[in-house]
Amino acid sequence: MMRMAVRMLMVSLLSVLFCQVWSSAGYHHNDVKLYQQAMFPWRNQGKAAVRVKRDWIIPSIRVLENSRQIPEDLVQIKSDKIFSGEVIYKLEGPGVDQEPKNLFEIDDKTGVIRSKGPLDREKYSSFTLKAFALSPSGERLENPTTIEIVVLDQNDNRPAFTQSQFVGTVAEFSVPGTSVMSVSATDADDPMTENAALSYSIIGQESIPANVVNKTMFGINNETGAIYIRDVGLDREVVKGFKLKLQVADMGGMGLGSEGVAVIHVSDINNHAPQFSPASYRMTAVENDFNYEIGRVNVTDRDDRGTGNWEAKYSISNDPNGNFAISTDPATNQGVLTVVKPLDYETKTDHVLILTVENISPLSSKAPMMPLSTAKVLVTVVNENEAPYFKNNPIEIEVPESVGPGVQLTSEIALDPDNSELRYEIIKDPERWLEINRHTGHITAKRSFNMRSPHVINNIYRAVVKVTDIDGMSATATVVISLEETNDFPPLLFPLSGSICRDFSSTRSGLLLTAVDEDRAPHAAPFFFDFPDDSSVNWTLIHVNDTHTVLQPIGELKTGEYAVPVLVSDSGSPTITAYSQVNVTVCVCDSFGDCKSETGAILGSSVGISFIALIIIMACVALLLLLLLLAVTLTACGKRHHIKKGTGLLVGESEDDIRDNVLNYDEQGGGEEDENAFNIDLLWKPLDAPSNPLTFYPGAGVPRGKQPLRKDAPHNLPSPTYPRRPPADPTDIEDYINDGLEAADNDPNVPPYDTALIYDYEGEGSVAGSLSSIASSSTDGDQDYDYLNDWGPRFQKLANMYDPR
């Protein structure tokens, strides 16, 4: 170690000496060869060819950090252009005009580069600068020269531990050489030098508790900082841990140093089994009670408290009925003994329990081999008065619903552990169907049961009984009575009356019968229907399903009332049969199978059509009669006008001059020459509000809603006589129309237009032919109306009207 330190010191001194010689020697101004080695190559300028030498490689300039020689000349540069004129030197780069600034400078005339202040390698380990040779005008004379300045390290930084305190753990009884933990430190000096070569060591040891262990228990690797066990004797029950004082130094332990602390805890292993203390116990327990603590047992364990190596786990043997249980109190590690099933003093007065204990964590192989610790516990049962109890709760009874009063249902339903006298009573019996013997507890039926009771749910009836001993202790139990359905009620036929169509073959209908039974399955459906003996030879029963049948006659019967006896039987055991009489009405039915009156039935049966069809036929007949009457009326009208046969109705000698416009227009006038007919001045007087729309009478041209007033005649005067018949053999219809208009104009009681008498005459020369729908090719005199007498009395009057006589 000493040799290494001396060798490193000599290397450092030689490096410093070399830098100082290099810096102080500089370059001789008259030594051209040395100048060419240190400076840029010079170049010849002129008309001849230029010969350029290769640039010299300038080695790095080494400067020791923290130097006290300030300012210090580092190197001098010269340009070969000094022989041709004045040269100005410039320097730039980090440390000059870049951060960190003002660390270096150059003499612009001599080219000497010097440091302006001490350097710190830990901040800047090197600098790369560029030197320039310029003419007085600022013209660059040569290529710039690169100068690298390397800062040499000094051991000016102490190593430091990375943590203020290192913490580790080692299990007790670990063997020597077991690795415990590692510590580390850092040094800001150059890691490539001995200034950062660190060495670790332990300079102190203190046990926890103090002074229980005096021998050196731990060692450390001086290069890696790994701490390991050196000796045996780590017992957690003796020593809890150690506090080590550490040291780290650079220069391989000969330089600057620092101190640190490492705390090592000794962890516990389960090398101690728990032990009962004491090994026997006496406890008491009350009978008929459970889930309560009767006592505790204690154990000791030297392992670390609160860990799985210390926590105990108990078990019980010699408890075949499982009346007891034991658990661990986590705070005290005691065993808590409890009763989980009631004890019976009359059965057993003392219980001897054997307890064992072990740790939750398995015992270490380094622990001594010992059997599990055991303890004996004697539990004495204390006698107490016990309440009576029922043998079964609920008390289940199955009986038929038809059970008679006085039938015993159950006996010996309760017992008393103390063999005391018991008293029984029923405290809930909503239907009062039960009775109990006060001393024996025998339950009997007081009256018959009824399945239809609202208190019977799903064939179950419930009651509650109570038993009490002489000390007043009591118990209750529910009596669950399951009622079995019995066949108690006969089936009833429904309906007992109905109607059937007489024409049975056309409708295939019948009377649907069913039955109802107050009993429940299996004493109700399916039902069986039949006739008593052969009393109903004209009827038959057709099966539909389990509950319905159809009563039908065998053949067609006369209308009237019939009494049909029917028997219906249920499926109970034994079967109950009921007799019923069904009143059947045989009637005449319509097409829908409904009974109707005798007249409607006759019509319906003879014609074979429905009522609606009959109505339609009658309406058609009435319409035909109406049309026939209209035709006869029009024919009679033509006869009264004396229209000649072959000339057409209302057709005169001048057929082109006569126009019959039977169309109604909603305006005055009806043709091309309507102005030749007439023009009537009217004075209109509105009857309704102005907002009401005006409607028009067809063909009249008079708006509905306005009452026309006469200007030329007073009111309430006798009306003139209107022409009733057209003139005989008219040559022109115009005269007939003018007569009607004149009569209407002179009528003071009606509007100037009598819509019943007005005909629109289009005038002569119309290109349209006559539109008259009542024209006939014969006159009244040529018509023969004798055939109307054959149409019956309804047309007799019409025949008399057209009788030529």
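A search of the whole structure turns up one disulfide, a term used here for two cysteine sulfur atoms within 2.5 Å. Before going on, a note on the source: this is a predicted model, in which local features need pLDDT of at least 70 and side-chain atom pairs count only at pLDDT 80 or more, while totals for chains, interfaces and linings use all residues. Residues are numbered from 1 along each chain as its sequence is written, and side-chain values use heavy atoms, with hydrogens and water left out.

Back to the disulfide. In general, a disulfide is a covalent bond between the sulfur atoms of two cysteines. Here the partners are Cys501 and Cys589, with their sulfur atoms 1.9 Å apart. The link of Cys501 and Cys589 is left-handed, with -100 degrees about the S-S bond. This pair links distant parts of the chain, 88 residues apart: Cys501 is in strand 36 (residues 497–501), and Cys589 is in the loop between strand 42 (577–587) and helix 4 (598–607).

Cys501 has a relative accessible area of 5%, so Cys501 is buried. Cys589 counts as buried too, because its relative accessibility is 17%. Another cysteine, Cys620, is at 43% and therefore counts as partly exposed.

Now the chain as a whole. The secondary structure comes to seven helices and 46 strands. Of the 805 residues in the chain, 36% are buried. Contact means heavy atoms within 4.5 Å. Among contacts with a separation of 6 or more, 66% are between residues 24 or more positions apart. The chain exposes about 46700 Å², and carbon and sulfur atoms supply 52% of that. Accessible areas come from the Shrake-Rupley method with a 1.4 Å probe, and for residues only the protein chains shown count as cover.

Next, aromatic rings. How many aromatic pairs does the search of the whole structure find? The search finds nine. Rings of Phe, Tyr and Trp (its six-membered ring) pair if their centres lie within 6.5 Å; planes under 30 degrees apart count as stacked, over 60 as edge-to-face, and the rest as tilted. One of the pairs is Phe276 with Tyr314: the centres are 6.0 Å apart and the planes are at 50 degrees, so this pair is tilted. Phe276 sits in strand 17 (residues 275–276) and Tyr314 in strand 21 (residues 312–317), so to speak two distant parts of the chain, 38 residues apart, linked by the pair. Phe276 is buried at 9% relative accessibility, and Tyr314 is buried with a relative accessible area of 9%.

A further tilted pair is Trp433 with Tyr461, at 4.6 Å centre to centre and 40 degrees between the planes. Trp433 lies in the loop between strand 30 (423–428) and strand 31 (434–436), and Tyr461 lies in strand 33 (residues 460–468), so the pair ties together parts that are 28 residues apart in sequence. Trp433 is buried at 4%, and Tyr461 is buried at 0%. Elsewhere, ring pairs link Phe104, Tyr124 and Phe127 into a cluster.

On to charges. The structure holds eleven salt bridges, each defined as a side-chain nitrogen of Lys or Arg within 4 Å of a carboxyl oxygen of Asp or Glu. Asp153 forms one with Arg121, with the closest N and O atoms 3.0 Å apart. That pair also links distant parts of the chain, 32 residues apart. Asp153 is buried at 15%, and Arg121 is buried at 12%. In another, Arg296 meets Glu293 at 3.1 Å, N to O. Arg296 is partly exposed at 33%, and Glu293 is partly exposed at 42%. Salt bridges that share partners also join Asp73, Glu105 and Arg114 into one network.

Last, the surface. Leu623, Leu624, Leu626, Leu627 and Leu629 form a nonpolar patch with about 500 Å² of accessible area together. Patches are made of residues with over 30% relative accessible area and no salt bridge, where like charges are joined within 9 Å and nonpolar side chains (Val, Leu, Ile, Met, Phe, Trp, Tyr) within 5 Å. Leu626 is found in helix 5 (residues 611–640) and counts as exposed at 54% relative accessibility.

Key:
Helix = DSSP H or I, 4+ residues; strand = E, 2+ residues; numbered from the N terminus. Buried < 20%, exposed > 50% of the residue type's maximum accessible area, 1.4 Å probe, protein only.
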